[in-house]
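Please look at the chain below before reading on. The briefing after it takes the structure topic by topic.

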Amino acid sequence: MQSPIRKKMLEAFSKSKGEFVSGQSLADILGCTRTAVWKHIEELRKEGFELEAVRKRGYRIIKTPDKVTDNEIRYGLNTKFLGHTIYYQESIDSTQKKAHHLAYDGCPEGTIVIAEEQTSGRGRLTRPWHSPKFTGIWMSIVLRPKLPPQQAPQFTLIAAVAVVQAIEEVCGLNPEIKWPNDILIKGRKVTGILTELQAESDKINSIIIGIGMNVNAEESDFPEELKKIATSIAIEKGQSVSRARLIQKILEKLENYYQIYLEKGFSPIKWLWEGYAVSIGKNIIARTITGSIEGKALGITDEGVLRIQDENDKIHEVYSADIEF
Ligand code: BTN
């Protein structure tokens, strides 16, 4: 975890919007000496921040490092609570696993776990999730909505809308959603979302939303079996993108849609989601654990369940499946 003083220091730089902050104001804000300020500036430099120091003017941040440390994410983050507690590790087995432990131990709502690399990242249906170092966003978010567990699948869809809009705004690309949890660009998967629960029979204790996004991975970073079905933001855009900026935007969007959802229910999210959904209106095959259903995807219910009409006009409601079309 990061020093509370450097956290405050970055907040001060964030407020100054690129302007100089004098050593004395930093010392006043942080309640320490100017020598201590200088030491903390040196620590930020070691973390990869480029800081300019000018006599009689003070310090300003010129460049933030291409890492997704808690400092990086906090600098310029515009949320009320999401991402205010950040657990960062350069390498971790799985952010999802860590988030489960933190949630169980009572971490605040909005806590995020983030890593540069996962050694045992996992996807849906216990599949492995390829998470090489510095190339992607491997992040888990803890929410604590006061809701019954049946509503949990909606959170995958809320997160999907947040992720799509973040990619659109930060990268200028046009991703689509494949129900329930895949974000695609030109038919290839760029992001997967894994929503898990800690719940009692009638109430959610916490929801853990895991987001895995291929951001700056190149073709050669993918193993052979993923090359044809996966892509990254950098491959599609033709240039690399700030992962920290993308994370901030995802958190801002997710917080916004979470609040809309709590105030107004699922319907406003459902409309947005359907606007981005690639399979709606198409003939699809849904492979569930009990067998396959073939038919036309009609849309989703208010609970986020997929409705499929088969050739006999029978409507099936599918809670979990892999979709082909
Ligand atoms: C899927 O499409 O199957 C979901 C993939 C979810 C991967 C993310 S990466 C961050 C978090 N930690 C994990 O171990 N998994 C999720």
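Predicted model: local features only at pLDDT ≥ 70, side-chain atom pairs only at ≥ 80, totals over all residues.

Residues are numbered from 1 along each chain as its sequence is written. Helices (H or I, at least four residues) and strands (E, at least two) are DSSP runs, numbered from the N terminus. Two strands pair if DSSP finds at least two bridges between them.

**Domains**

- The domain assignment gives domain 1 (4-63), domain 2 (70-276) and domain 3 (283-324); such bounds come from an automatic or database domain assignment.
- The centres of domain 1 and domain 2, taken over C-alpha atoms, are 31 Å apart.
- Six residues of domain 1 and four residues of domain 2 make up the contact, where two residues are in contact if their C-beta atoms, placed from the backbone, lie within 7 Å.
- On the side of domain 1 that touches domain 2 there are two nonpolar, one polar and three charged residues.
- In these classes, Ala, Val, Leu, Ile, Met, Phe, Trp, Tyr, Cys and Pro count as nonpolar, Asp, Glu, Lys and Arg as charged, and the others, Gly among them, as polar.

- Strands of a sheet pair through backbone hydrogen bonds, either parallel or antiparallel.
- An open sheet of seven strands has the order 3-4-5-9-8-7-6, with mixed pairing.
- Why is one side of strand 3 (86-92) and of strand 6 (176-178) left without a neighbour in the sheet? Both strands stand at the edges, and each has a single partner strand.
- Neighbouring strands of this sheet are turned by 20° against each other on average, direction ignored; axes are lines fitted to C-alpha atoms, for helices over the stretch in contact, and angles run from 0 to 180 degrees between N-to-C directions.
- Strand 7 (residues 182-185) pairs with strand 8 in the antiparallel sense over four bridges.
- Within that pair, I183 is opposite T191 of strand 8, and L184 is opposite K189 of strand 8.
- The hairpin of strand 7 and strand 8 has two residues between the strands, and K186 in the turn has a positive phi of about 45°.
- Nine bridges link strand 8 and strand 9, which pair in the antiparallel sense.
- A hairpin of four residues leads from strand 8 to strand 9, and A199 stands opposite I204 in strand 9.

- Helix 6 (residues 154-171) lies across strand 6, strand 7, strand 8 and strand 9, and runs at about 145° to strand 8.
- Helix 9 (residues 243-264) has 22 residues, which at 1.5 Å a residue should span 32 Å; its end C-alpha atoms are 31 Å apart, so the two values agree.
- The expected span is 1.5 Å times one less than the number of residues in the helix.
- G265 follows helix 9 and has a positive phi, near 90°.

- Five strands form an open sheet in the order 13-12-11-10-14, and the pairing is antiparallel.
- Strand 13 (315-318) and strand 14 (322-324) are the edge strands, each pairing on one side only.
- On average, neighbouring strands here are turned by 45° against each other, direction ignored.
- Strand 10 (residues 283-288) and strand 11 (residues 291-300) pair over six bridges, and a hairpin of two residues joins them.
- R287 has S292 of strand 11 as its bridge partner.
- Strand 11 is joined by four bridges to strand 12 (residues 306-309), with G299 opposite R307 of strand 12.
- Five residues lie between strand 11 and strand 12 in their hairpin, and G304 in the turn has a positive phi of about 85°.
- Strand 10 also pairs with strand 14, over three bridges, and I285 stands opposite E324 in strand 14.
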